[in-house]
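Here is a short briefing to keep beside the viewer as you look around. Take it topic by topic, with the structure open.

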Amino acid sequence: MEYEMVIGLEVHAELSTKSKIYCSCATRFGGDVNTQTCPICVGMPGTLPVLNKKVVEYAVKAGLATNCSIAEYSKQDRKNYFYPDQPKAYQISQNDLPLCESGYIDIEVEGRAKRIGITRIHIEDDAGKLMHDEDDAGSLVDYNRCGVPLIEIVTEPDVRSAQEARAFMESLKAILQYIDVSDCKMQEGSLRVDVNLSVRPKGEQRFGTRTEMKNLGSFRSMVRAIEGEAARQIEVLNNGGTIIQETRRWDEQQGLSYSMRSKGEAHDYRFFPDPDLMPIVVDKKWKDELKNSLPELPEARKKRYIDQFAIPGYDASIITGSKALADFFEEAAVISKNAKAVSNLIMGELLRLLKEKGMETDEIPFPAEYLAKLVFLMDRGVISGTIAKKVFEKMFYTGKDPKIIVKEEGLEVISDEKALLEVVMEVIRKNPQLVRDYRGGKDKVFGFLMGQAMKESGGKANPQIIKGILKEKLGEVDNS
Amino acid sequence: MKISKDTVNHVANLARLELIEEEKERFILDMEKIISYFDKLSNLDTSEIKPTEHVIPITNVFRDDKVCNSYDREMMLMNAPSKEKGCFKVPKIME
Amino acid sequence: MEIHKLTVREMRGLIKDKKVSAVELTQAMFDRIAEIDWKINSYITLLKDEALMRAREVQERIDKGKAKSALSAVPMAVKDNICTRGIKTTCASKMLENFVPPYDATVVKKLYLEDSVLLGKLNMDEFAMGSSTENSYLKITRNPWDLERVSGGSSGGDAAAVAAGLTGFALGSDTGGSIRQSAAFCGVVGIKPTYGAVSRFGLVAFASSLDQIGAVARDVTDCALVLNTITGYDSMDSTSAKVEYPDYTGALINDVRGIKVGIPKEYIGQGTNPEVKKAVLDAVEILRRLGAECEEFSLPMTEYAIPAYYIISSAEASSNFARYDGIRYGYRAENYSNLLDLYKKTRSEGFGTEVKRRIILGTYFLSEGYYDAYYKKALKVRTLIRKDFDDAFKKYDVVLGPTTPTTAFKIGEKRDNPLKMYLGDTYTVSANIAGLPALSIPCGFDSNNLPIGLQLIGRHFDEKTLLRVSYAFEQNTGFHKIKTGVRA
């Protein structure tokens, strides 16, 4: 029996406003515990919420950038439940009338395009943080994060594989970064994803029972969790069992999910319109203003790069996947006037180095201008392609201007014939057998000897010139 | 309108209240009386009526995205029955 | 001089004329409180040292030619569900017995700016739930007219203190009639402004869409003076109305000619005590004589007001009170085995019976399967009640009737019958449901010498008409001048 997985994602993104959603405490990440709180976000008696206008603007922008329709009239509702990180014992969210609905994001997986529907986007406030001490008998609550504005993005159950889920998340992340409403740093918790997954026999229309997985700290984690849970469900079904609708916690270290059976009773959130907050009306004028303020989105930018800069679609895809990286590329491409070379260096060297050092694309340790300079040096023949890679690495690790690196380390291409002649003679001297072979008619050996010559010159030899000299010298009959 | 003990138990649990037996009995009687009386609302035909969620017709009440100094942590913790390391303390939470 | 019997205006007069100093006035109030409050129990917290210090400061400012507002140096008291920074705000509940807020309610800030002197915090029904102040965790406030009777609720402390001369004026809250009903029982004036006219920031929330802060004072003029200070737009309260707030003293005109007064038949029917009914009809006659056009009409939604009110208010309260869990402030149970136990024990031990009853009712009304039939239904009935009044105000300027069906009942009389207690709010809740301004003024006494209250309900933001009609009535009758005889 072949099964397919059916996945819906619930994404929470922290909006990058300066102040919280209902009070003027700072949203800054990483502050000392309980130093960014006030009676309002801690839910003291008598306090009242007042909505941050930027939150509405950011949420609407997110909706517009994902092709949603924006509700002209929406409201805020209370979602009631008890938990120590929820000081008012209710979250302020949006229930039946969210700000955005019925959108989509187009993704590409293995060359195939697919549309993932977005059911809705709504605003809500974040809860505080619980810290559990291993030894201590208690848990500690920090309310700094309480009241940070969130948007919740819910997809239709259109995702059919872990790869599609990943592609969606990467596209969504890029979009949110492009429109500058969230920094989407999963490691800081400003982007979180929950996965709703069920399986069904291929061809079956009805949905199977789904489980929900939370606590997925990275895209990689999400992919593993999806694959793990789908396998688990399939095994259960193959053994004649049934899937229980429940929430499961993913343990990244163990590579397993666990049932969160403690939440035995289904939640009755007793939603009702928050009497302390007034409805939100987004009229056409406001909506148009926000629409006009949207920057070029990833999809459009990618197309433009293919057209304007003539770089391959794959490269364009990767580069536009991150706003920081796209900005970096574009700046360097424009200055150097050689987009292809810039793209090659980014794809071949930059991404690899960033990954090795565990750095993000917004942490590139040198300016775009330097990359452009490096390309200039290559284009003008000052350095060779091989050397360029060396210089790039040096530039990455030291942040120095490539021109300076080349000068300091004497990496310029050697075009001086006298010097190159010495190199060639050295190579000939070191490889007598190969020389005899070449002279004996084995042409193929030439390539190897060229390689040796380049190596001997420290990669700096001007390839054309040294080739000529090598050919010439090999052609001469040696009297030794 | 009869209210069952199960209902009272369920609702009390939702509200995180613990009632002792006598309280429960009393509450059930009170609730039955009260809710029966309130059921007269069903005499009104409200099928075409929209609910009034706010008595004054205000919309779009906003504040600017400005940061003001948060309250001093000591002041925020002043009323806390149990605190440690600058945080509010609760019994260990099993996840 | 029985300073405590003076109105705010008269006290100001003495201060201005330098016949009495702010400190003397404040001291006189505390002397009176020490003398008789042990009989009445209107105060939960007294702030004698702080008040005298403040009075000294205010006097200094007066001497420098400042502090000239209508409430400068006037002694005031505030219901204990209105937050006062650095001062215990208990809501008369074990749950907040030792809660000290680090912030002032907006209205308190405004009164401080007027240089009023805060004497202390007043007793109330726990978390404002009740109609008799018998639900206070701390003490029962007795009616100064008859100490065996209730002072009304939930602002019982307010009304009793004003009636007995234990404060110049008081700030209270009114969710279903708390200010008006206690004012009626104690023979003083109480006003609940239009919803949105007074900031709720700092008022411990009971039912967010119904709560309003209002004033209790010895006459209509004093109420107008307090209204001038407490009304106004507040950016800290999203339900605050951005409208023009007039000088309410401009409404104090002794002329009601041409004003149309409507008396709902449902308010003077079977459910109303005959003596109360008579006093109200006599009041109507007086207004007629003064030139107002009075007639009876029908408010058919009246019988649905109590169910709608209790469903809406309990539902909102159940959500507003969920934050009381002993984690950030307030009472915390001593013995608990885990988190769930902490919640249950803290809340069960911290809340009184009536509060628990309303939380359970409210949770029930919001829960799955019951939301449509109860909460949503009540919100629809709310629309109908509003329409009832909208229609009435097409013909009338003021809707008039008794504030309560009876005069003050005996302490303990309604204890075991919550429904009976709720029904006592029949005439007051509609104004909260519709967000309309309403006030209660004394209009007579029954055969037990207990005060009877006359209620006037007006159009949204038309406090001026209410003040005008009640001022004229007051000036032509003098009920407000009759003080209680409570002695040491």
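In chain A, 70% of the contacts between residues at least 6 apart in sequence join residues at least 24 apart. Please keep in mind that this is a predicted model; its scores are ipTM 0.95 and pTM 0.91.

**Chain A overall**
- The secondary structure of chain A amounts to 15 helices and 17 strands.
- Chain A is more spread out than a compact globule, because its radius of gyration is 30 Å, well over the 23 Å that the globule rule gives for 480 residues.
- The C-alpha trace of chain A spans about 100 × 55 × 50 Å along its principal axes.
- Of the 480 residues in chain A, 44% are buried.

**Nonpolar cores**
- The largest nonpolar core counts 269 residues, and Ala59(A) and Met76(C) are the ones with the most contacts inside it.
- If you leave out residues up to four places away in sequence, Ala59(A) touches Leu99(A), Cys100(A), Ile121(A), Ile123(A) and Ile151(A).
- There is also a second, separate core of 50 residues, and Phe366(A), Leu371(A), Val375(A) and Leu377(A) are among them.

**A sheet in chain A**
- Three strands of chain A form an open sheet in the order E6-E5-E16, with antiparallel pairing.
- Strand E6 (90–93) and strand E16 (272–273) of chain A stand at the edges; each has a single partner strand, so one side of each is left without a neighbour in the sheet.
- Strand E5 (residues 77–80) of chain A is joined to E16(A) by 2 bridges, and the two run antiparallel.
- Arg78(A) has Phe272(A) as its bridge partner in E16(A).
- As background, strands of a sheet pair through backbone hydrogen bonds, either parallel or antiparallel.

**Where chains B and C meet**
- On this interface, 40 residues of chain B are in contact with 51 residues of chain C.
- Helix H1 (5–14), helix H2 (21–38) and strand E3 (87–91) of chain B are the elements that give two or more residues to the side touching chain C.
- Which element gives the most to that side of chain B? H2(B) does, with 7 residues.
- The residues on the side of chain B that touches chain C divide into 27 nonpolar, 5 polar and 8 charged.

**Confidence**
- Chain C has an average pLDDT of 95, and 99% of its residues score at least 70.
- Where pLDDT is low, the predicted coordinates should not be read in detail.

How values were computed. Residues numbered from 1 in each chain as written. Chains lettered and ligands numbered in written order. Predicted model: local features only at pLDDT ≥ 70, side-chain atom pairs only at ≥ 80, totals over all residues. Contact = placed C-beta atoms within 7 Å. Helix = DSSP H or I, 4+ residues; strand = E, 2+ residues; numbered from the N terminus. Nonpolar A, V, L, I, M, F, W, Y, C, P; charged D, E, K, R; others polar. Pairing = 2+ DSSP bridges. pLDDT = per-residue confidence, 0-100. Rg over C-alpha atoms; globule rule 2.2 N^0.38 Å. Buried ≥ 20, exposed ≤ 12 C-beta atoms within 10 Å, placed from the backbone. Core = buried A, V, L, I, M, F, W, Y, C linked by C-beta atoms within 7 Å.
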